[in-house]
Amino acid sequence: MGTEHEGVPLNLADIDASAWRELEAAASNPQSGFRFLNLCSVDAAARPQARMVVLRRADRSLRLLEFHTDMRSQKWLELSANPYAAVLGLSAQTQLQLRLQGTVERHAAGSTQANAAWDRLSAWTRMTYAGGPPGDEVAFDAIDGAALPKPADEAEGKPHFGLLIFRARALDWFQLRRQDNRRALLTYDETGALAAGRWVNP
Ligand SMILES: Cc1cc2nc3c(=O)[nH]c(=O)nc-3n(C[C@H](O)[C@H](O)[C@H](O)COP(=O)(O)O)c2cc1C
């Protein structure tokens, strides 16, 4: 399995590094399969809840993924009660699945992190936070194609804008191949360092 490097075979350290390089690149590449990730939380009834989110930033050394969301959304409530989350991504080109487990820190509107992220958003994106609470019923006239949308002020969205920082503690790496599928399990310590890795049966 190659040379050992701090307890992790070198080829697994390479696989880990390349997975995180891809995640970092995806944050600024709309063509990447990992640009949209499935973020899964657990609700108050202990049921899994999954939804797609845009990957805004990745940090390979700290093993962080950053997402933006509306603080009035169900996911925000779910993650405040239970910070455990899974993130699932697929690159269709390379048939690579990344399945991460970890916890989510929330940075609410008004926090330094949320303010800094808000400042970098386009006016167009800011408008997505200016509407009514996500999941609330839409007023009839608002879905009538003939009706003009109510003009909203982009600044109205700022009090709803929150940041989710996912910190990975484990990565299940799976590559679908014509013959020999490959799967590796990698774990990270609390500082983000690669703690262990092993090949497992796919
Ligand atoms: C391609 C795509 C990207 C999305 N990106 C985000 C996102 O970055 N943040 C977000 O909160 N919701 C995003 N959504 C909407 C969520 O998938 C979800 O429907 C919404 O946030 C409500 O989820 P919740 O009720 O579980 O909180 C996206 C949806 C699609 C289809």
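Contact means heavy atoms within 4.5 Å. Helices (H or I, at least four residues) and strands (E, at least two) are DSSP runs, numbered from the N terminus.

## About the model

This is a predicted model, in which local features need pLDDT of at least 70, side-chain atom pairs count only at pLDDT 80 or more, and totals for chains, interfaces and linings use all residues. Residues are numbered from 1 along each chain as its sequence is written, and side-chain values use heavy atoms, with hydrogens and water left out.

## One face of helix 3

Helix 3 covers residues 112–120. Its buried residues include Ala 114, Ala 117 and Trp 118. Buried means under 20% relative accessible area, exposed over 50%, and partly exposed in between (1.4 Å probe, protein chains only). Looking down the axis of helix 3, the buried residues fall within an arc of 105°, so they line one face of the helix. That arc is taken from the directions from the helix axis to the C-beta atoms. An α-helix has 3.6 residues a turn, so residues three or four places apart point the same way.

What covers this buried side? Strand 6, strand 8, helix 4 (123–127) and strand 9 are among the elements that cover the buried residues of helix 3. The face turned away from the buried side carries Thr 112, Asp 119 and Arg 120, which are exposed.

## Paired strands

Two strands pair if DSSP finds at least two bridges between them. Strand 7 (residues 84–91) pairs with strand 8 (residues 96–107) in the antiparallel sense, over 8 bridges. In this pairing, Gly 89 stands opposite Leu 98 of strand 8. Strand 8 also runs antiparallel to strand 9 (residues 161–175), and 12 bridges join them. Here Glu 105 faces Ile 165 in strand 9.

Arg 183 stands opposite Val 200 in strand 11.

## Turns and positive phi

Strand 10 and strand 11 form a hairpin with 5 residues between them. In its turn, Gly 192 has a positive phi of about 100°. The hairpin of strand 7 and strand 8 has 4 residues between the strands. Its loop holds Gln 95, with a phi near 55°, a positive value in a residue other than glycine. Gln 95 is partly exposed, at 34% relative accessible area.

Ala 46 is another non-glycine residue with a positive phi, of about 65°. Its place is the loop between strand 3 (36–42) and strand 4 (48–54). Is Ala 46 buried or exposed? Ala 46 is exposed, with a relative accessible area of 60%.

## Arg 63, a buried arginine

Arg 63 sits in the loop between strand 5 (57–59) and strand 6 (64–70). Arg 63 is buried, at 8% relative accessible area. Leaving aside neighbours within four places in sequence, Arg 63 is in contact with Asp 16, Trp 20, Phe 166, Arg 167, Ala 168, Tyr 188, Gly 192 and Leu 194.

Which backbone oxygen lies 2.6 Å from a polar atom of the Arg 63 side chain? That oxygen belongs to Gly 192. A polar contact is a pair of N or O atoms within 3.5 Å; within protein, one must be able to donate a hydrogen and the other to accept it, and residues adjacent in sequence count only if both atoms are side-chain atoms.

## Salt bridges

Side chains of opposite charge can pair when their charged atoms come close. A salt bridge is a side-chain nitrogen of Lys or Arg within 4 Å of a carboxyl oxygen of Asp or Glu. The whole structure has 11 salt bridges. In one of them, the side chains of Arg 167 and Glu 105 meet at 3.7 Å, N to O. This pair links distant parts of the chain: Arg 167 is in strand 9 and Glu 105 in strand 8, 62 residues apart. Arg 167 is partly exposed, at 27% relative accessible area. Glu 105 is partly exposed as well, at 36%.

Asp 70 and Arg 72 also form a salt bridge, at 2.8 Å, N to O. Asp 70 is buried, at 7% relative accessible area, whereas Arg 72 counts as partly exposed at 24%. Arg 177 bridges to Asp 180, with the closest N and O atoms 3.8 Å apart. Arg 99, Asp 172 and Arg 183 are linked in a network of salt bridges.
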